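Please look through the structure shown below together with its sequence.

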Amino acid sequence: MNYIPNTDADRAEMLKVVGVQSVAELFHDVPAAYRFPPLTLPPALSEPEVIEELNALANENDDPHHLACFLGAGAYRHFVPSVVDFILQRSEFFTAYTPYQPEISQGTLQAHFEYQSMICALTGMEASNVSHYDGATAAAEAVIMALQIGRGKRNKVILSPTLHPQYRAVIHTYTQGMGLEIAGEDLIGVALREPEGTAGSAALLDALAGLLDQQTACLIVQNPDFLGRLYTPAEMQALADRVHAVGAQFVVSVDPISLGLFVPPGRYGADIVTGEGQPMGSPLSLGGPYLGFFAMRAADVRRSAGRIVGQTVDAEGQRGFVLTLSTREQHIRREKASSNICSNQALNALAAAIYMAAMGKHGLRTVAELSYHKAHYAADLIGKIAGYTVISRWPFFKEFIVRCPQPVALINEVLLDRYGMVGGYDLGNDYPDLQGHMLLCVTEMNSRAQIDLLAEALEEITTMNLERYEGEVSRG
Amino acid sequence: MGEPLIYEISRPGRCAVSLPECDVPPTPLPEGCVRDELPLPEVAEVDLVRHYIRLSQMNYGVDTGFYPLGSCTMKYNPKVNEAAARIPGFATLHPLQPEASIQGALGLMLELQEMLAEIGGFAAVTLQPAAGAHGELTGVLMMRKYHLDRGAHERNIMLVPDSAHGTNPATTSMSGLKVVEVPSDTRGNVDLAALRALIAQHGPKLVGLMLTNPNTLGLFDENLLEIINLVHEAGGLVYGDGANFNAILGIVRPGDLGFDVLHYNLHKTFSTPHGGGGPGAGAVGVSAALADYLPGPIVKQSEADGMLRWYMPPKSIGRVKAFFGNFGVLVRAYTYLRMHGAEGLRAVSENAVLNANYLQARLRGVYPIPHGDRTCMHEFVAQGILKDAPGIRTMDIAKRLIDYGFHPPTIYFPLIVPEALMIEPTETESKETLDAFADALLRIAEEARAAPDLLRTAPHRAPVRRLDEVKAAKELVLCYAPACGG
Amino acid sequence: MSYKYDPQAKYAKSHEWVRLEGNIAIIGVSDYAQHLLSDVVYVDLPEVGDTVTQGESLGTIESVKAAEDAYSPLSGEVLDVNTELENHPEWINEDPYGKAWLVRVRPSDLSELDNLMDAAAYEAYVNEEEEKGAH
């Protein structure tokens with residue numbers, strides 16, 4: 001056994017010290033009828049064999065490493081500098097547990113303190129924790145925190161229909177035992193009427209504000225929203241004012257890369273800022289591990305969940321860092337804790353910290369600008385193709401909506417098979433009114449040549465007989 | 001001589017990355033939306049790398065040395081896991097790609113679901129939860145919904161032993177249910193008489209029982225079958241906290257014993273690295289009666305065409321996370337499982353339990369071990385209470401262990417043992433390592449009598465001395481001031 | 001250990017005290033309670049106008065090692081909250097019967113006082129608790 005150093009001779013000596021004849025005797029408390037069940041598992045492989053098997057499995061996938069990717073919708077392909085994974089693999093970071101013993105965990109603790117500082121810088125907020133599981137669970141934890149701030153007296157939560165559909169789903173799951181009223185999701189019609197005419201106004205934000213009352217604990221919007229729309233700081237501040245007027249919390253879920261360029265939520269009245277931190281240094285990895293970042297007002301930290309690092313001094317007065325405010329957490333508060341979170345996404349938070357430090361203020365702005373310009377170039381190009389309509393006539397960052405002449409799934413299949421491209425997200429999956437609409441995402445990882453090829457491909461597809469592909473898709 | 005903050009080595013104009021020129025015509029930026037400041041640090045690549053390497057040197061990991069942190073299963077993390085997770089055909093997959101383009105990844109997940117179901121004795125498994133506590137939430141919400149679907153709206157009470165991890169009661173509250181605590185008996189088992197009384201009192205309102213077995217004292221409950229039976233007779237379900245699964249791989253299957261639902265900690269039992277506190281993965285296995293309630297999507301093979309597809313169970317509690325789970329962690333756990341097979345897994349638990357019993361035997365007589373008369377499983381709980389050293393506490397012993405080059409055990413948990421030292425050696429440690437650790441603890445016991453100040457002021461050989469936690473909690477400094485506050 | 005007691009106050013088993021000044025009740029936690037908590041770092045209190053109920057939580061007192069609920073010894077309406085404790089949580093350790101009062105309440109039912117102990121009875125109760133807790 002590779003990972004078990006003790007030999008039969010070692011075990012014999014140890015058994016003698018323990019005072020039993022055999023290892024099997026150690027399990028006498030296990031009900032005999034069920035002891036040592038035969039397990040039907042595939043036979044053990046050696047290291048070269050397991051690598052071969054894994055490579056074979058990996059080869060069955062079409063990966064964006066080898067393809068052009070125009071898919072976003074909550075998981076983004078941004079450049080990860082080589083230093084990020086290099087540092088992550090330092091064993092002292094990688095194989096450590098939660099920093100319960102601060103004297104030998106200063107590396108993790110200081111790096112996480114720096115992470116908190118940079119998340120504050122990015123979001124314009126005063127405090128940050130060390131992460132939740134992902135953008136979705138961070139949004140759910142924001143709801144729970146808002147209920148805490150409302151001291152349990154407020155039980156209504158307003159969700160924008162253009163908050164990521166999976167985030168909304170997770171909020172429903174998390175709160176199913178809490179007896180809440182969840183409002184706002186049926187306002188999608190308002191958001192969708194806008195593209196046809198009233199570009200520039202924010203009818204959706206108005207409609208959401210119309211739901212506010214004294215029972216409201218919080219209102220959550222995403223910016224840029226799931227459909228790619230960027231709301232202006234003025235629009236957001238106006239909404240924040242209305243949220244605060246009824247004493248509720250204004251929660252904003254945000255793409256961290258967009259904050260390299262755009263005014264952060266801390267500057268337009270947000271009380272809690274959450275989001276998916278994956279674009280900052282974590283690979284796409286089929287959806288995880290990612291990290292949910294979570295920033296807030298300093299006055300509210302005691303109502304938040306999750307680990308927080310604080311600065312202090314050691315016995316000699318030297319600066320040091322510890323986990324602090326742990327009395328909020330489950331290991332001390334038990335059934336009175338507001339969340340059960342224990343393990344978080346510490347290593348992804350470290351990756352995000354290294355990413356932010358490596359990029360710095362100029363690098364992150366460049367990434368955001370490249371994404372912005374390339375996305376707009378792509379939208380212009382695709383909007384000129386007969387049969388396609390770009391319906392994002394609002395300000396957007398790196399994602400926009402295209403109405404397509406064929407079913408989106410079909411187009412995506414052709415893009416993958418014939419052009420080696422991963423196409424956009426099929427919005428019909430979540431919004432029945434958006435059948436035939438594709439959400440395209442363009443980042444600094446997409447070259448002009450790739451974008452030009454995408455436009456050519458989309459044009460060619462309009463002339464194809466897609467019956468062969470109909471067959472493929474109907475299987476799905 | 002602490003390491004400066006990254007902000008303190010920042011100099012205007014530096015950057016650690018090079019990015020391409022813009023190759024498309026620019027578009028004007030939207031008016032009123034662009035930020036005028038962004039207080040991120042500015043550092044060159046070499047300074048960035050040195051900063052983090054120096055920070056890493058102030059840390060202690062399993063690769064540094066012995067890490068007997070009870071309840072955390074700090075076993076060695078095989079390096080092949082890392083190679084596996086970094087294969088581009090896994091690492092660069094977008095979660096929303098068409099199913100047809102990720103058949104290999106889905107195949108890996110399906111096989112992992114099946115292997116975990118087999119090891120635990122369950123009908124179905126979800127890989128979606130991101131950590132153990134997340135798996136608990138998943139399991140408890142399923143138990144709740146199961147009763148609701150049967151019209152049992154009055155069922156809102158969860159029994160939780162007093163030895164449980166804090167996540168158990170916290171999860172119960174978060175799910176909108178009430179916690180009723182069950183005491184332990186003098187042998188460290190669930191107190192059967194008390195359990196009977198509580199069930200008599202709350203029976204018709206019972207959602208179920210959350211049970212960690214082996215429990216946090218490192219003991220396999222001697223009355224387990226009877227406990228499970230009592231809960232089932234009252235119409236309740238039994239939740240298994242799988243934090244201690246490393247003791248029972250191939251030894252016993254919780255599903256066979258009657259557990260209805262259980263979470264696995266892939267980052268403990270199946271060797272994926274802890275990363276300083278995460279990411280983990282908290283897969284959940286369930287009996288057939290609960291299979292339709294699993295959060296999804298999970299992977300299923302289509303009977304029609306053999307394709308692997310995402311599948312949402314019909315009565316699902318919903319998603320607990322965006323996308324499908326911590327896939328990168330799943331790849332590592334899969335790799336570990338494929339390298340072990342059935343015999344290898346049983347050897348893991350056998351050696352983990354032997355190592356714990358050996359350490360327990362070596363410390364017996366010097367450190368009180370409240371249940372030291374019993375065979376322990378993969379861990380045991382001693383006490384930092386030493387004869388003739390009344391002023392010395394567990395904290396002092398733990399800090400002194402650092403001077404000997406070891407990571408301290410879990411301390412002050414479980415709460416029912418005063419001055420607890422919870423020691424879990426795992427199977428990946430050699431007899432020499434265990435002996436060195438036991439020798440250190442025995443020497444510390446002598447020091448406690450002869451030179452107690454050496455303990456009280458420990459550690460002496462760490463990057464910092466003991467830290468002032470009161471100051472940290474009172475005068476909250478949670479970020480570098482110039483960076484925060486917008 | 002010996003602890004301080006306010007002879008004017010009445011006490012709950014959960015270690016809160018209440019003292020009547022005219023028809024207003026002042027509520028705090030006992031010297032023994034602050035000793036159990038050790039260094040208090042934060043106090044979370046209700047809002048003026050809230051209703052509190054005898055035996056139910058009126059707030060949380062947090063030290064480095066614990067966060068314990070303070071239970072209201074009487075029912076009534078909160079008239080005033082000691083907001084100074086936000087900046088001076090250590091007062092709970094220093095002066096639990098004086099500067100560190102938590103809330104002033106207009107009692108809704110003075111007969112609830114009968115459910116509480118006087119200082120002598122409470123002292124005896126604390127001594128009993130101490131013995132039980134010794135190990």
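Between chain A and chain C, the contact takes five residues from chain A and five residues from chain C, where two residues are in contact if their C-beta atoms, placed from the backbone, lie within 7 Å. On the side of chain A that touches chain C, there are one nonpolar, one polar and three charged residues; here Ala, Val, Leu, Ile, Met, Phe, Trp, Tyr, Cys and Pro count as nonpolar, Asp, Glu, Lys and Arg as charged, and the others, Gly among them, as polar. This is a predicted model, in which local features need pLDDT of at least 70 and side-chain atom pairs count only at pLDDT 80 or more, while totals for chains, interfaces and linings use all residues. Residues are numbered from 1 along each chain as its sequence is written, and chains are lettered from A and ligands numbered from 1 in the order in which they are written.

**Chains A and B**
- Between these two chains, 179 residues of chain B are in contact with 179 residues of chain A.
- Helix 10 (residues 327-363) of chain B gives the most to the side of chain B that touches chain A, with 20 residues; helices (H or I, at least four residues) and strands (E, at least two) are DSSP runs, numbered from the N terminus.
- That side of chain B is made up of 100 nonpolar, 50 polar and 29 charged residues.

**The largest nonpolar core**
- The largest nonpolar core has 365 residues, and A:Leu219, A:Leu350, A:Ile354 and A:Met356 touch the most other members; such a core is a set of buried Ala, Val, Leu, Ile, Met, Phe, Trp, Tyr and Cys residues joined through C-beta atoms within 7 Å.
- A residue is buried if 20 or more other C-beta atoms lie within 10 Å of its own, exposed if 12 or fewer, and partly exposed in between.
- When neighbours within four places in sequence are left aside, A:Met356 is in contact with A:Met118, A:Leu122, A:Met280, A:Leu364 and B:Leu40.

**Chain C**
- The secondary structure of chain C consists of four helices and nine strands.
- Of the 135 residues of chain C, 40% count as buried, and the C-alpha trace of this chain spans about 45 × 35 × 20 Å along its principal axes.

**A:Thr232**
- A:Thr232 lies in the loop between strand 5 (216-223) and helix 10 (233-245) of chain A, and it counts as buried because it has 20 C-beta neighbours inside 10 Å.
- Leaving aside neighbours within four places in sequence, A:Thr232 is in contact with B:Gly32 and B:Cys33.
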